[in-house]
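Q: Please take a close look at the place where the two chains meet. Which parts form this contact, and what holds across it?

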Amino acid sequence: MEAMFVEGTESTPEIRVEASGTISISGESFPENVTAFYQPFFDKLAELEAAETPLHVDFRLIYFNSSSVKVLFNLFDRLESLGANGRQVTVNWHYQEDDDTIMEFGEEFSEELEHVTFQLLETKG
Amino acid sequence: MEFAKMNELRNLANQEGVIFFYNGYFSQKVLLAVGDTIKLKFQSEDEDRMTGKKVFSIFVEQVQNIIRYSNDTLTGDKEEGEMRAGMVVIGKEPARKKYYVSCANYVSDSAVARLKNKLEELQTMDRDAIKKAYREKMREETEEESKGAGLGFLEIAKTASEPIEFILQPEGGGKHLFLFKSYI
């Protein structure tokens, strides 16, 4: 599998997918067409799903709109399915100190997870 | 516009604590440009960082609603690059000392009943009920009429510090004017 790198913009996150199974999503997410923006990422995720490496996902999102919430929810859903099928999946959800909104989303999404190791991590400053 | 009228408009905006006012066609590009300005404005203010983020969040939801649903369009339905007309006002209300984000746009008569029901229901909800509805909506399949996640108004209600306010007034010609306000 080839790695994937999508450069971040003011309204779309930076996305990295490594063949080793490490995914990182960081920045802001409020594209005009959220489905079109995330499609290549979900295609890439399908390749990783078919592989056998453990998965590690790092979220460092600062802001996302309500359309992106649904996409993130679907992503968590897929990670949980993988975990339930015996894949080792770990998720780190980073939020900035004082940012209750992003923290609460992390808590909310993690409620979907039973077979994934989830960590909520505060970034200072 | 005559200078006297321009002055009136300016004075009114000052009285209402207006920080930003836009009336015309919105696109994702306008949203990005104005969004940047709002971020800078709040960074330079002596405000709690999260207040600025909340204003920004509600602004994005309202503008994306206009871009997707306003009845007055320059471009028609498109996957990307849609431009639709509306008005957005961001300000700090002098009396309440609270920030507000308001918008106005035309909606088709056929969309009125659904919008009205949805928003009236939101107005009856307290914080916990809003969070609960949000959680449920997040898990649902997206509604057919919705171009986003159908979570936009719930997101605004969840972020706002007071119940949302709105009116829908008939304008003739198959459309209503939709006016909407939320306090941060």
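A: In this predicted model, the rule finds five salt bridges across the interface of chain B and chain A. One salt bridge joins the side chains of A:Glu112 and B:Arg139, with a distance of 2.3 Å from N to O. Polar contacts are also found across the interface of chain B and chain A, in 15 residue pairs, both residues being at pLDDT 80 or more.

The helices of chain B may be considered next. On the side of chain B that touches chain A, at least two residues come from each of α2 (28-44), α3 (49-69), α5 (127-139) and α6 (152-159). The helix α3(B) gives the most to that side, with 10 residues. Sorted by class, the side of chain B that touches chain A holds 17 charged, 10 nonpolar and seven polar residues.

The extent of the contact can be stated as well. Chain B contributes 34 residues to the contact and chain A contributes 27 residues. Between chain B and chain A, an area of about 2600 Å² is buried, and carbon and sulfur atoms give 46% of that area. Within chain B, the residues that lose the most area to chain A are B:Arg49, B:Lys53 and B:Met138, together 21% of what that side buries.

Of the 125 residues in chain A, 53% are buried.

How values were computed: Residues are numbered from 1 along each chain as its sequence is written. Chains are lettered from A and ligands numbered from 1 in the order in which they are written. This is a predicted model: local features need pLDDT of at least 70, side-chain atom pairs count only at pLDDT 80 or more; totals for chains, interfaces and linings use all residues. Side-chain values use heavy atoms; hydrogens and water are left out. Contact means heavy atoms within 4.5 Å. Buried area is the accessible area (1.4 Å probe) that two parts lose on being put together, summed over both. A salt bridge is a side-chain nitrogen of Lys or Arg within 4 Å of a carboxyl oxygen of Asp or Glu. A polar contact is a pair of N or O atoms within 3.5 Å; within protein, one must be able to donate a hydrogen and the other to accept it, and residues adjacent in sequence count only if both atoms are side-chain atoms. Helices (H or I, at least four residues) and strands (E, at least two) are DSSP runs, numbered from the N terminus. Ala, Val, Leu, Ile, Met, Phe, Trp, Tyr, Cys and Pro count as nonpolar, Asp, Glu, Lys and Arg as charged, and the others, Gly among them, as polar. Buried means under 20% relative accessible area, exposed over 50%, partly exposed in between (1.4 Å probe, protein chains only).
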